[in-house]
Amino acid sequence: MDGSTRRTLLKVIVLGDSGVGKTSMMNQYVHKKFSPHYKSTIGADFVTKELQIDDKQVTLQIWDTAGQERFQSLGAAFYRGAECCVLVYDVNVLRSFETLNTWRQEFLKQADPADPDNFPFILLGNKIDLDGGNSRVVSERQAKEWCDSRGNIAYFETSAKEGYNVDEAFLCVARTALANEQGCDLDNYFLGMSESLSDIERKGFCAC
């Protein structure tokens, strides 16, 4: 990449109930590793992945937010400026599917996008490997119907443990985010984000 090529920063938020595999999914995608012993995310954390999409150099910044309700309203700094929101549920846990709309509405409320009706979401149904698929309670058809009724949201079935469909799902996330990209400058963005994080830490959202 020559010095005149500017990277594009794409901010993506991952939301869903605690335990659906958000952290595992992100670690599988970025580090190609899976551990069954992740601790619950406290507050929020992010990972980055460098990609080339067509002729663009892209930095995908993926924010992992805690699924516990007490951390739902972490503050607009986590949500603002996102180009895409990934909703994750566990195909073996009905409640994690039933709460998807709550997470979707929470994101729209906090992020306050300019065009909420057309803001891009992507749905991931995770843990399809569990018990050879025998524990599954949410069908692929149910999930697709949910997506279709909300503006034809893209849907992927994944296994963070086995790495199944994870790369494919996040490539779609990156392409979707790029299409919605608002033209962030990397250096100025990270400066602003560090200031936002300091403000959030002052409000007590820290891993302590």
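Select helix α1 and look at Lys22, Thr23, Ser24, Met25, Met26, Asn27, Gln28, Tyr29 and Val30: these residues are buried, that is, under 20% relative accessible area with a 1.4 Å probe and protein chains only (over 50% is exposed, in between is partly exposed). Nine of the ten residues of α1 are buried, so the helix is largely enclosed by the rest of the structure. Helices (H or I, at least four residues) and strands (E, at least two) are DSSP runs, numbered from the N terminus.

The model is predicted: local features need pLDDT of at least 70 and side-chain atom pairs pLDDT 80 or more, while totals for chains, interfaces and linings use all residues. Residues are numbered from 1 along each chain as its sequence is written, and side-chain values use heavy atoms, with hydrogens and water left out.

Step past the end of α1 to Lys32, which has a positive phi, near 55°.

Go back to Tyr29. Leaving out residues up to four places away in sequence, Tyr29 touches Lys49, Leu51, Leu60, Ile62, Val166, Asp167 and Phe170, a contact being heavy atoms within 4.5 Å. The charged end of Lys49 sits over the Tyr29 ring, 4.7 Å from its centre; the test is NZ of Lys or CZ of Arg within 6 Å of the ring centre and within 35 degrees of the ring normal.

Now widen the selection to the core around this residue. Tyr29, Leu60, Ile62 and Leu124 have the most contacts inside the largest nonpolar core, which has 28 residues. Such a core is a set of buried Ala, Val, Leu, Ile, Met, Phe, Trp, Tyr and Cys residues joined through side-chain atoms within 4.5 Å. Two or more residues each come from β1 (8–15), α1 (22–31), β2 (44–53), β3 (56–65), β4 (84–90), β5 (121–126) and α6 (166–179). The most come from α6, which gives seven residues. Apart from this core lies another, of 25 residues, including Phe107, Leu108, Val138 and Ile153.

Next, select α4. Buried here are Leu100, Trp103, Arg104, Glu106, Phe107, Leu108, Gln110 and Ala111. These buried residues pack against β1, α2 (76–79), β4, α3 (94–98), β5 and α5 (140–148). Just after the helix, Asp112 takes a positive phi of about 50°.

Turn to the rings. The whole structure has eight aromatic pairs. Rings of Phe, Tyr and Trp (its six-membered ring) pair if their centres lie within 6.5 Å; planes under 30 degrees apart count as stacked, over 60 as edge-to-face and the rest as tilted. Tyr89 and Tyr155 are stacked, 6.5 Å centre to centre with 15° between the planes. Tyr89 is in strand β4 and Tyr155 in strand β6 (residues 154–157), so the pair ties together parts 66 residues apart in sequence. Both Tyr89 and Tyr155 are buried. Phe107 and Phe121 have ring centres 5.6 Å apart and planes at 80°, so this pair is edge-to-face. Ring pairs also link Tyr79, Phe107, Phe119 and Phe121 into a cluster. Arg104 lies over the face of Phe121, at 5.2 Å from the ring centre.

Finish with the cysteines. The structure holds zero disulfides, defined as pairs of cysteine sulfur atoms within 2.5 Å. For Cys85, the nearest cysteine sulfur is that of Cys84, 7.1 Å away.
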